[in-house]
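Student: I am new to this structure, and I would like to go through its fold step by step with you.

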Amino acid sequence: MAWRLVGQPGIVAMLSRALREDRLSHAYLFVGPNHVGKATAARELAMALNCRGEDPPCHRCRECHLIDAGRHPDVELVGVGGLCEESDHRDHRADGSKDIRICQVRRLQRLLSRAPFEGIFRVVITDPADALNVEAANAFLKTLEEPPASVVLVLVTSREEALPPTVRSRCRRVPFRLMPVADVEGALVERWSVAPEKARALARLSGGRLGWAVSALEDEGLLSARESVLEDVQRLIGASLSERFAYAGRLGYLFPRERETVLAVLGLWEEWWRDLLLVGAGCGEQAVNSDRLDKLTEESRQYRVRAVVRFLDALRRARQQLQDNVNPLLALEVLMLELPTPALGKEVGFPELRRGLPSTLRVEG
Ligand SMILES: [Zn+2]
């Protein structure tokens, strides 16, 4: 089998084994962070199920091509907007809908009541499944409870907890993890023909999310969002408490709506301070922010290592608290109180670190 899924060998092995032994579940729930290959895996599974080539998914036969292009009549994509029952041509995105609606699920059910048009299996990919609104999820539940033969349902989500337990419990859960940074780098070079230097930098910045790295190739906006977070990191170090709290306030306000964004911002903060330790210890080649070594070197001379380690702990704690639904504003304000202050006027450096880096700070890849 030649699955085109990077950095998730366990998942490829599990799904190909199920295919080979004819033990596929009728419903899968692909869960995990954004941009780690969940949607790709769903598409590859659809190909493997319908491929007529020698070594499915072959990526060469007509079925594989149609699925890859999103035009196979037996592979149905259900997402925000999309076609609904009342009219096969109406697209709810035009109404500004952010949900998957019940009319879309009804249309799907009508389709599923017929045999596959030309494929072997019908595959339904619902992405993001957490966009199913309550009515739609209830309707979908009926299909999960009595799935038609030759239908495989794949639900994709990065917010598993937003799905009703009744839906979750009827799916086989498949957890996706961050990809090894080296795998992301390799894929960028081999498949996207990115120059090795750039691939290396992007892979590190992606933190193991190939999808992010690929989007960043096409969308300058993603890289500039990172720039602006790094500017905030610099600015807040010397800022007054009220400025820091204002920053915490903005992030805290954003959190209920843009959870992933806020967690990603804290991830960038963490990378910056971890890089500071790495550079201070003479391991700059392992730094994620490899494009800012000069700034990192300059700053690494201004902090005591203990203060930086303490702040890294505070960052991890804040991230955990946000995930555990502690009041976001409170968690972020506490974090801002713990920002280390530069030891002005003297070069402190990290003599403690020259002897070697604590193993907890080593960067993967
Ligand atoms: Zn094929």
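Student: How many bridges join strand β1 to strand β4?

Tutor: Please keep in mind that this is a predicted model. Strand β1 covers residues 27–31 and strand β4 covers residues 151–157, and the two run parallel. The number of bridges joining β1 to β4 is 5.

Student: Which strands are the edge strands of the sheet?

Tutor: The sheet is open, its pairing is parallel, and its strands follow the order β2-β3-β4-β1-β5. An edge strand here pairs on one side only, and that applies to residues 75–78 and to residues 172–175, which are β2 and β5.

Student: What angle does the direction of helix α1 make with that of β5?

Tutor: Helix α1, made of residues 9–20, packs on the sheet, where it touches both β1 and β5. Its direction, compared with that of β5, makes an angle of about 150°.

Student: Which strands does helix α4 lie across?

Tutor: Helix α4 spans residues 102–112, and it runs at about 170° to β2. The strands that it lies across are β2, β3 and β4.

Definitions and conventions
Residues are numbered from 1 along each chain as its sequence is written. This is a predicted model: local features need pLDDT of at least 70, side-chain atom pairs count only at pLDDT 80 or more; totals for chains, interfaces and linings use all residues. Side-chain values use heavy atoms; hydrogens and water are left out. Two strands pair if DSSP finds at least two bridges between them. Helices (H or I, at least four residues) and strands (E, at least two) are DSSP runs, numbered from the N terminus. Contact means heavy atoms within 4.5 Å. Axes are lines fitted to C-alpha atoms, for helices over the stretch in contact, and angles run from 0 to 180 degrees between N-to-C directions.
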